[in-house]
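Q: I am new to this structure and would like to learn how to read its features one by one. Could you take me through them slowly, with the general idea before each case?

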Amino acid sequence: MAEGKRAAGGGQPQGQDRPRPRKSARRRRSAKARVAGAFLYALFVIGLSAVLATLGWVWACDLLGLNKTHISTIVTIHEDTQFGAVVDQLEEEGLIQYKFLFKLYAWFSHAEEKIAPGTYELNTEMDYHALVSSMGSSSTTRQEADITIPEGYTIDQVFALLAEKGVTSVDKLQDMAANWDYAFDWLRGIPLGDYHRLEGYLFPDTYTFQLGENPKYVINKMLVNFDAKMDEYMAQYAGEDAAYSLHDIVTIASMIEKETDGTNNEERNDYKNIASVIYNRLENPAAETVGYLQIDATLVYLNGGKVPTEADKAIDSPYNTYKYPGLPAGPISNPGMISLLAAMNPADTSYYYYVLNPETKQHEYSRTLAEHQAKQAQFSGNG
C-alpha cells in the first residue's frame with residue numbers, strides 16, 4: 001500500500017512541488033556585489049588619498065612658506081608674552097594659516113626656547129624655521145632705533161622717551177633701575193629700592209637700542225657710557241680724603257645742567273660761572289646765603305616741572321635747596337659732559353648770585369644781594 005501511494009503521487013513528496021533556486025544564479029549575484037563593493041572601496045580610498053594629498057600639499061605650503069601672497073609685517077614679543085599668544089599673532093598677521101601645525105613643528109623643534117622678546121620684521125616668504133630663527137635674540141630682522149637722550153633729561157623723562165620709541169616699558173625700566181645691582185664701584189654706596197638711585201648716571205647721548213630690548217641691557221648701556229666718559233676723573237673722587245665724592249660732582253653737574261637749560265651758551269661760560277656760585281655758597285657762604293644753594297631747578301624737580309613759586313620753597317624734601325643747606329639728596333637730572341667738566345673745574349669768581357637776562361639769554365652774576373636784587377628789578381621791568 002505504501003508503495004502504491006508513492007506511485008500515485010508521481011514520485012514527488014508532499015510540500016516540495018516548487019523547484020529550488022539554482023546555485024549558479026546566487027553565485028553570479030554575489031560576485032556582482034563583491035565587484036561593486038570593491039569599486040566603492042577603491043573610490044573611497046582614491047577620494048581619501050586625494051583629500052589627504054590636498055591637505056598635505058596645503059599644509060606643506062604653509063610649513064615651507066610656498067604659494068602665499070606676500071605680506072611683510074612687524075611683530076612685537078614682550079618678555080611676558082606667552083608662546084600661544086605669539087602663535088595667535090602670527091596667524092592674525094597672515095604669516096601662518098594653521099596654528100596646530102606650527103605648534104606641532106614648535107614641539108618637535110623646541111622653537112619656544114629659541115624665541116626672544118623683541119620687535120621683528122617678518123614676511124610670508126619665511127617658512128616655519130625662518131620665522132622661528134627671525135624671532136631669536138641674534139636675528140637680523142630685529143628692529144632697532146637710534147634714540148638721542150638730551151642733556152638735562154630726568155630719569156622719568158628718559159624712561160618715558162624709551163617707552164615712546166618702543167624700546168621697553170616705563171614699569172620695567174623703573175623696576176630694573178630700582179632693584180638690579182649693576183656692577184659699578186661708584187654705585188655701591190647708593191642703596192637699592194628706588195629707581196631714582198640712578199638719576200644723574202644715565203649719560204645723555206645717541207644710542208642704538210633694539211625694540212623690545214631687555215631693560216637691564218638698556219640701562220646698563222647708558223651706565224657703561226657714563227663709566228667710560230668719567231673713567232679718567234673718578235680716582236680723584238674715590239678716596240676718603242676727597243672733598244667731594246663722585247656723587248657730589250654728578251649732583252652739582254645736574255644742577256648746572258638744569259640752570260643753563262634754554263640759555264645762550266655758545267662760549268659755555270655759564271656752566272663754569274654757575275659752578276663757581278655753587279662752590280662759593282658751599283665753601284665760603286656769604287652772610288645772606290649761609291650755606292643755602294637756593295637753586296630754582298631743585299624746586300622744579302620737586303613740583304613736577306612747573307615754574308617754581310614761593311609756596312614751593314616750603315616743600316619738605318632733602319632736594320629742596322631753599323629749605324635745607326648744602327647739596328640736595330642727589331642729582332636732579334642727567335648731566336652732559338660740559339656740565340660734568342664745569343662741576344670738576346669751576347671758574348674762579350666771587351659770585352654768589354645770578355639771574356637770567358631775558359634779552360640776551362645769558363646769566364648776569366653778582367657778588368652781593370643788593371646788586372643781585374637790582375638786576376632782578378631791572379630784568380623784571382624789561383620783561
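Q: Which charged end sits over the ring of Tyr353?
A: A charge sits over a ring if NZ of Lys or CZ of Arg is within 6 Å of the ring centre and within 35 degrees of the ring normal. In this predicted model, the charged end of Arg281 is placed over the ring of Tyr353, 4.9 Å from its centre. The charged end of Lys216 likewise sits over the ring of Trp180, at 4.3 Å from the centre.

Q: What should I know about the model and its numbering before going on?
A: Residues are numbered from 1 along each chain as its sequence is written, and side-chain values use heavy atoms, with hydrogens and water left out. Because the model is predicted, local features need pLDDT of at least 70 and side-chain atom pairs count only at pLDDT 80 or more, while totals for chains, interfaces and linings use all residues.

Q: How are two packed helices described?
A: They are described by the angle between their axes and the distance between the axes. Helices are DSSP runs of H or I with at least four residues, strands are runs of E with at least two, and both are numbered from the N terminus; axes are lines fitted to C-alpha atoms, for helices over the stretch in contact, with angles from 0 to 180 degrees between N-to-C directions. Here helix α8 (residues 170-179) and helix α9 (residues 215-234) have axes that come within 9 Å and cross at roughly 65°.

Q: Which residues of α8 and α9 meet?
A: With contact meaning heavy atoms within 4.5 Å, Lys172, Leu173, Met176 and Ala177 of α8 meet Pro215, Lys216, Val218 and Ile219 of α9.

Q: How many aromatic pairs does the structure hold?
A: Rings of Phe, Tyr and Trp (its six-membered ring) pair if their centres lie within 6.5 Å, and planes under 30 degrees apart count as stacked, over 60 as edge-to-face and the rest as tilted. The structure holds 15 such pairs. In one of them, Trp107 and Phe108 have ring centres 4.8 Å apart and planes at 75°, so this pair is edge-to-face. For Tyr351 and Tyr365 the centres are 5.1 Å apart and the planes at 25°, so that pair is stacked.

Q: Are Tyr351 and Tyr365 buried or exposed?
A: Buried means under 20% relative accessible area, exposed over 50%, and partly exposed in between (1.4 Å probe, protein chains only). Both Tyr351 and Tyr365 are buried, whereas Trp107 and Phe108 are exposed.
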